[in-house]
Amino acid sequence: MKDLIILGSTGSIGTQALDTVRQYPEKLNVLGLCCDKNVELLQKQIDEFTPKYVAVKNKEAAEKLNLPCGTQLFTGDNAPLEIAGAERACVLNSLVGISGLAPTMRAIEAGSEIALANKETLVAGGDLVMSAAKDKGVKILPVDSEHSAIWQCLNRNSYGAKEVEKIILTASGGAFRGKTKEELTDVTVDDALKHPTWNMGVKVTIDSATMMNKGFEVIEASHLFGLGADKIEIVVHKQSVVHSMIRYADGSIIAQLSYPDMRLPVQLALLYPERGDHCFTPLSFDGLSLDFEMPDLDVFVCLKLALDCVKAGGNATTVLNAANEVAVARFAQRQIKFYDIPYYIKRALDKFFDAKPLKDLEGVLGTDEKVKKFVADVIGRK
């Protein structure tokens, strides 16, 4: 029986993780549940799974909960941090933004296995996280469909990273696949949120439209699999059936294929080292067509910025992540235009880039705070 602490239990990944628990009640036990403020759904989860620990960031919302006898409640800004380190377990981190980094570090300190669905953990603090995980002997299990695909291709056979010529990450292309720069000049938030394949939150969907999401995945892959940016390639694949591929040194390619369904990578991470037998929509080759093309870096400027940051090293990806978070939020609030997003990211990189790597969590969070304030101030003066 594997104990689970789910950070972000009321979100998309969290609710799908609980679906996996329902499929495998003899293998998975819900030890802890954590959310921001959606206590209505959280209460239903508590009633069903009776967790030992519950965490809610919003103290006022937490007062509405009716907890079972013996359940420990954490509230306030540090609630995710406290529940993440409450006990050794498998911690599924599906929080959004930089707020997911510190709980990941706390869970690693507790010796917990990490099922990682929070991109910012590795984008902003990848060096710190991977070093801490190595020191503690903690496994980082990817939940992103692309990294799960690479993980399957690597770990389900006898070969290792040293034989890998390239990791090939596939991208749907988001809402603006095939568009020209001129066509994207005046696109709206509503346009950006029309993702053709996946149903995701606002931030991730806009990141997909700018293709920053794929840039973040390159950064994550470099940390997860110990490969430089020169070993990671991106191809646009509109069907989202091939979730990623590996090209070995002899030229052969191994790919992972399935219909787009996040429940599969969630199940793989939670049941590791076993592979579950609950089958989602089986892939049929009858009439199936698979198309691939290279991304246009002149159109998707955010992707180019991300790739440049991987090569630059130092604090570049931390600055990139912080600036992007503010710029995307302001675009979602209709305060700036689509191509203002990479413009403000570039402004932040020009001001804050340092070739020296950040040495600790305080340095990462401090840089994040300074960059966010700078970008917010610059946009405010527009």
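The legends below describe close-up views of a predicted model. In this model local features need pLDDT of at least 70 and side-chain atom pairs count only at pLDDT 80 or more, while totals for chains, interfaces and linings use all residues. Residues are numbered from 1 along each chain as its sequence is written, and side-chain values use heavy atoms, with hydrogens and water left out.

**View 1. The seven-stranded open sheet has the order β4-β3-β2-β1-β5-β6-β7.** Its pairing is parallel. Strands (E, at least two residues) and helices (H or I, at least four) are DSSP runs numbered from the N terminus, and two strands pair if DSSP finds at least two bridges between them. The edge strands, β4 (72-75) and β7 (140-142), each pair on one side only. On average, neighbouring strands of this sheet are turned by 20 degrees against each other, direction ignored. Axes are lines fitted to C-alpha atoms, for helices over the stretch in contact, and angles run from 0 to 180 degrees between N-to-C directions. Within the sheet, β5 (residues 90-93) and β6 (residues 113-116) run parallel and are joined by four bridges; N93 has L116 in β6 as its bridge partner.

**View 2. I108 sits in helix α5 (residues 101-109).** I108 counts as buried, at 1% relative accessibility; buried means under 20% relative accessible area, exposed over 50%, and partly exposed in between (1.4 Å probe, protein chains only). Apart from neighbours within four places in sequence, I108 is in contact with I114, V129, A132, A133, K136, V138 and I140, where contact means heavy atoms within 4.5 Å. The C-alpha atoms of I108 and I140 are 9.3 Å apart in space, and the two residues are 32 apart in sequence.

**View 3. The four-stranded open sheet has the order β9-β8-β10-β11.** Pairing in this sheet is mixed. β9 and β11 (253-257) are the edge strands, each pairing on one side only, and the twist averages 20 degrees from one strand to the next. β8 and β9 pair in the parallel sense over five bridges, whereas β8 and β10 run antiparallel and are joined by five bridges. I167 stands opposite I232 in β9 and opposite I246 in β10. Strand β9 (residues 232-236) is mostly covered, with four of its five residues buried. Helix α11 lies across β8 and β9 and runs at about 150 degrees to β8.

**View 4. The largest pocket has a volume of about 1,200 Å³.** On a 1 Å grid over the protein atoms alone, a pocket is an open set of points where a 1.4 Å probe fits, with protein on both sides within 12 Å along at least five of seven lines; lining residues have an atom within 4 Å of a point. Grid points are joined across faces, edges and corners, and the volume is the space filled by probe spheres set on the points. Of the 50 lining residues, I13, S94, V96, G201 and V204 are the closest to the pocket centre. The elements that each supply at least two lining residues include α1 (12-23), β2 (28-35), β8 (164-171) and α11 (212-225). Helix α10 gives the most, with five residues.

**View 5. Q16 is found in helix α1.** Q16 is buried, with a relative accessible area of 14%. Leaving aside neighbours within four places in sequence, the contacts of Q16 are D261, M262, R263 and V266.
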